[in-house]
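The points are grouped under each.

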Amino acid sequence: MAEINMTSAADGSLISSYIPDMDAVITIVLILVAAYLIVKVADFLLRKISEKAGRYRITVTMVIPLLKIVVYVTAVYFIVKTIFDPGLTELALFSGLFGAAIGFGLKDFFADIVGGIVIAFERPYQIGDKIEVSGTYGEVTDIGLRATRVVTPDDSVVSIPNYAIFQEPTASQNAGKTEMMVVIDIYIDPRSDAGKAMNILKDALITSKYVYISQKRPYTVLLKDYPFYRRIRGKAYVNDLRSEFEFRSEVTRRAWVELSRQGILPPPPAHVPEEIFAE
Amino acid sequence: MGRDPNFAADLTHPILFEDEWNRITAVVDAYDSNRPSHIAVIADPFAGQNVLIDGILRRHPDRVIHIPFFSTVKSRDFLSQIAGRKDIVVMDHCHFLATRKIGGFAMLDAFLDHISTSERLFITQWNSFTWSYLQATRHIDTFFPVTIDLPDIDSKTLKPLILSRYTDEIEFIGDVTPREEPLFSAPHRTVKLPFSNKSFTIPVPRLRQGNGGANSIHPEDAEDAAFDKIIRIADGNFGVAERLWNATFDGKMVRVADIPGIPCAVNLDINESFLLMIILSMESISTVDLAEIAGPEINLKQAIFRLTNQGLVVEEKGYFQIKPEALSCVKGYVTRNRMVW
């Protein structure tokens, strides 16, 4: 238990200063180390288990942020108990200091923590999801108390403050599922046989090694006419969202091999769709 | 409905899939040429589906046109065989009608076009994984009002099927500990570290339990224990159970401890997993067909080597098929990886 020193100030008021003794300091350090280790070990184990869990991968990783909150909140509770063993006075004092800390500049920090708690319980996205927040698209690799880490397709790690979920719309491409819809566009010469091209793209989609099709996860092939080209759009689910780009690439490559074989051409160079340049 | 006398008298496996047999015969007996209820018999590889097909051929020899497929169908010639007065068409291994590649569904479409307008009754047999795939992608189930999924069998079904083949008495030995085992030994065991693919062989000290036979299964229970173990390892698949039996039975006796367990350690990349799934779905596929499906992205030779090396696939006369003993392992693997749905 920490000692409580009561000293008299020049103005005569009593200032309470809490000076933790060495035992308390060691206890606090041990609590922090234990909490850190528990979180790290549990995180490691759950990620390993999730990799073996196939389609339940994301369901398993969902537990990680919850676990972090539970462990850290428990650790904070024990630390506070070690230092103050709070009675009503100490609790009031602590609350006051806490409020002041928030007011004096830790506002964003606590907003992030509250955001982390909201993410853990409300689950707008989970570890393993593909999300888009604040113009960043990528796979969620960690939901910390303060920030969410996202790995972008070009392998950059972006930390998004958790409070962003209060301010920005968050798009989760897969909503906790392992499969994810992928949209694949192919542009052809308007004089080409669009029906044949649609059949080829359909076959390329449903025969892909990455595809996942079920009653709730159907595939579609759509045609849209533009003045100088036609767009064939295929929509299908990739069986594991990590293979999104491989799926897109494999379907496009195989479709074009067959389209070329069947004499279906891309649009003339002067009329290449603007979307292609945008990409 | 009682047991069909023809079925019971003629077939090698008189009580395998009796309920399914009764369903088929009921549909055949109620056949109406204006609205034929085509039948799809869906089964895992080696499940014993040929029992039902053979049964139909024996029951209606004068009414049946039999079209068995042995490899990927590449021409519409099979449709020309469907002619004459016979009103039932029995088709084996219909999964050979579709190939998982661009343009690989032409034969299937031709077949579905044919049955859509035919007055004959089609009894077709499909690989369960190809069926699920075609159900998801081509809604094939809408063409077959009667679908019969062959169930896994249990040891109570397996036991009489196997024992009915022998007239001499078979000795069942339930000892778990081999009698020659010394009191103390240190057999080598291969262990895998958690979350690592590396295996290590280490000696594990072991004290013989009991007196080298005292901890055995009671002789009266040994027979049931043997069939329970076989069916558990075979995961209810009749063909695999049959192979396990053949591997264990030495002509006179069966020792429960000798029934081989099947290790399941699969480590494949996406291309190898895909090929494994294709072989599972096609049951038997040639190198040429496999190469067409694999395309240039997959190094077929290397992939096949790894599949064979891991004990998952065997080659027979240029055709690849799943090693029967590895069926349960392969099924679990491709299902977990969402290669089959």
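The link of B:Cys264 and B:Cys329 is right-handed, with 80 degrees about the S-S bond. The model is predicted, and one disulfide is found in it over all chains. A disulfide is a covalent bond between the sulfur atoms of two cysteines.

**The disulfide**

- The sulfur atoms of B:Cys264 and B:Cys329 lie 1.9 Å apart, and the two residues form a disulfide.
- Distant parts of the chain are linked by this pair, whose members are 65 residues apart.
- B:Cys264 sits in the loop between strand E11 (253-255) and H10 of chain B, whereas B:Cys329 belongs to helix H13 (residues 327-336) of chain B.

**Accessibility of cysteines**

- B:Cys264 has 48% relative accessibility and therefore counts as partly exposed.
- B:Cys329 has 10% relative accessibility, so this residue counts as buried.
- B:Cys94 also counts as buried, because its relative accessibility is 0%.

**Packing of H10(B) and H11(B)**

- Helix H10 (residues 270-282) and helix H11 (residues 287-294), both of chain B, pack at an angle of about 130 degrees, and their axes are 11 Å apart.
- At that angle H10(B) is oblique to H11(B).
- The crossing in which H10(B) passes H11(B) is right-handed.
- H10(B) contributes B:Phe274, B:Leu275, B:Ile278 and B:Ile279 to the contact, and H11(B) contributes B:Leu290, B:Ile293 and B:Ala294.
- Seven residues of the contact of H10(B) with H11(B) are nonpolar, with no polar and no charged ones.

Definitions and conventions: Residues numbered from 1 in each chain as written. Chains lettered and ligands numbered in written order. Predicted model: local features only at pLDDT ≥ 70, side-chain atom pairs only at ≥ 80, totals over all residues. Heavy atoms only, no water. Axes fitted to C-alpha atoms, helices over the stretch in contact; angles between N-to-C directions. Helix = DSSP H or I, 4+ residues; strand = E, 2+ residues; numbered from the N terminus. Parallel < 35°, antiparallel > 145°, perpendicular 65-115°, else oblique. Left-handed = near helix turned anticlockwise from the far one by under 90°. Contact = heavy atoms within 4.5 Å. Nonpolar A, V, L, I, M, F, W, Y, C, P; charged D, E, K, R; others polar. Disulfide = S-S within 2.5 Å. Buried < 20%, exposed > 50% of the residue type's maximum accessible area, 1.4 Å probe, protein only.
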